[in-house]
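Work through the exercises below with the sequence and the model open. Each task is followed by its solution in steps.

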Amino acid sequence: MATLHPVDRAADRRSGVPAIATQGLTKDYGSVLALDSLDVTVGTGVTGLVGANGAGKSTLIKILLGLLDPTAGSAQVLGHDIATEGAEIRARVGYMPEHECLPPDVSASDFVVHMAQMSGLPHAAARERAADVLRHVGLAEERYRPMGGYSTGMKQRAKLAQALAHDPRLVLLDEPTNGLDPASRDDMLELVRRIGHDFGIAVLVTSHLLGELERVSDHVVVLDGGRLLRASATTDFLDTTGTLLVEVLGGATERDLLGRALHDAGFPSRPRGNVVAVEPPAPGDTRNVHDMIRDTAVDLGLGLVRIQPDHHRIEDIFREEVAGAVQPH
Amino acid sequence: MPSSHTEPRTGGPAGRAGGVIHDIGYRPYAGPRGGHGAIARSLYLTGVRNVFGLGRSGKSKILPFALLALNVLPAVIIVGVVTFIGLSSLPLAYPEYAATTTILLGTFAAAQGPILFSRDLRHGTISLYLARPLSATAYALARWGALATGIFAFVMAPILVMYLGALLAQMDAGEQTTDFLAATLVSLLLAGMLASVSGLFSAIALRRGFAVVGTIGTILFGYGVVAVIQGISLEQDQERVGEIAGLFHPMTLYAGLVNVLTDADNAITPPTGAAMEVLYVVVSVLLALGGLGLLLLRYRRLATR
């Protein structure tokens, strides 16, 4: 199939070996095609893996951990082949699952020490690492209490701490903000950002909520029905579109008055909400759009409130691309 | 905190003087990392501790230690009586002890198996183990080993008390040591069989209650059924039937093993003839290893699910 190749691979090339690289990765469960010839490269920093439930995010993570064999294709994690070097990959990767995974009768402190040991750290080093990562994720005195009594936010922090316990080179975070209230969600996203940027650990973070990832991720990979819909730098998603949004005092009448005048002046304009969206002039047009808008508003006697550049949001792109894609259901 | 947060960061050890916790940032780990052997050993040791509730909440220590105390108590009493009266031999042979405390042993095996197996499956912790270097097979092996060790320690604790008591009472040391070592051997086989039964139930039933009921049902109720068959066959002078029936339960297998491998005897219909004796040993080993094999298979399936 004609795969959509990631647009931005420059960042990956800079770091040498990519954190994750897949070639034609396919997983066919028989009844469901979970991954369909996926080509994707993930570099350093934070990469958001976005897709609706069932888009293949969890399947991809399991294959990357070497827990699930792909039907076809190949993949490398930190330069190690998933087919032959599963144990090496799992020694260098941290995994935070989406579902519950904490024993209720053990304290976070004991649990993170144990999990660090399960990655090969000696006991003393495991204790030191556990204290460090629990501090980083923000679990204070409660770390000595059994985890069964934790709030969702505290559980998510403990899950994240065990993923970091062995100082991995890459962490796979499956829906870390799931079930969190807005304040905890912001804290968790800030933590994710710090792991990718301050800790120097590559992060692949999944979410079915598109909006939250654009704040913390450097790259975004969009999956839909097991196929790669788009992969590019977050900034590409969020680039200005060239369109200007203009708001004037008054209501729909005033808005349409300005819109029609600008349209007649040769700037394609459409009403959008309570503002006028003015598209950029044709390439040969040398007129200054900002001046034209100001002058037109003055001529019409309208009170100009603001002129601002229009930005893409990840949601917009996702919506456009999904609308264009063949939807089997 | 008395010192203000605007205190300049002086750096070095002097910076700690004011009791201010500075964020020293993320520290990467550059130290040694053990291989699979070291990880498996660590998992095994944690498992042995967990069987007795150590490293877990306070109330999870109650049951294993209460059972252990009940299990050791008769041995302490025996030792006390023996030293007080000055008997020349123990009233109960070492390997017979486990047969008389089957209820305690069965309860211990049934209650503690789920701690090592059901708990990880029920709470999803298994996926964290599987995402780490150790394979599913090595994980199951370490868990089984920990459970078998816990059960073995449970069986051996009163026997050790009796052995030390016998030595203190100045019984024949050579004879006592030989009997003690023979009891150790059959206890190892018993621990292996019970760990397989309890482990298998615990790895299949995710709810602790089902695993406990299944294991207790098998060990205690099943024991009763087989013992009744053996009793009837003895009454009817059909010992062979009882001998064959004994192959179908770990406790009657154990009784047969005791008869074959030690001087003691508490089997209702002990195996007779070399072929049957060998069969008892082979079936015991097969039960322990076969159960372990099924456990490994179960975890290999889980890993690739």
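pLDDT is the predictor's confidence in each residue, on a scale from 0 to 100. The model is predicted: local features need pLDDT of at least 70, side-chain atom pairs count only at pLDDT 80 or more, and totals for chains, interfaces and linings use all residues. Residues are numbered from 1 along each chain as its sequence is written, chains are lettered from A and ligands numbered from 1 in the order in which they are written, and side-chain values use heavy atoms, without hydrogens and water.

**Exercise 1.** Find where confidence in chain B is lowest and highest among its helices.

Solution. Step 1: helices are DSSP runs of H or I with at least four residues, and strands are runs of E with at least two, numbered from the N terminus. Step 2: helix H9 (residues 208-235) of chain B has the lowest confidence, a mean of 89, and helix H7 (residues 136-168) of chain B the highest, 96. Step 3: over residues 1-18 of chain B the pLDDT is below 50. Where pLDDT is low, the predicted coordinates should not be read in detail.

**Exercise 2.** Give the strand order of the open sheet in chain A.

Solution. Step 1: two strands pair if DSSP finds at least two bridges between them. Step 2: the order is S2-S1-S4-S5, with antiparallel pairing. Step 3: strands S2 (33-42) and S5 (80-81) of chain A are the edges, each pairing on one side only.

**Exercise 3.** Locate a salt bridge between the chains.

Solution. Step 1: the criterion is a side-chain nitrogen of Lys or Arg within 4 Å of a carboxyl oxygen of Asp or Glu. Step 2: chains A and B share 4 salt bridges. Step 3: one joins A:Asp132 and B:Arg27, at 3.1 Å from N to O.

Note on methods
Contact means heavy atoms within 4.5 Å.
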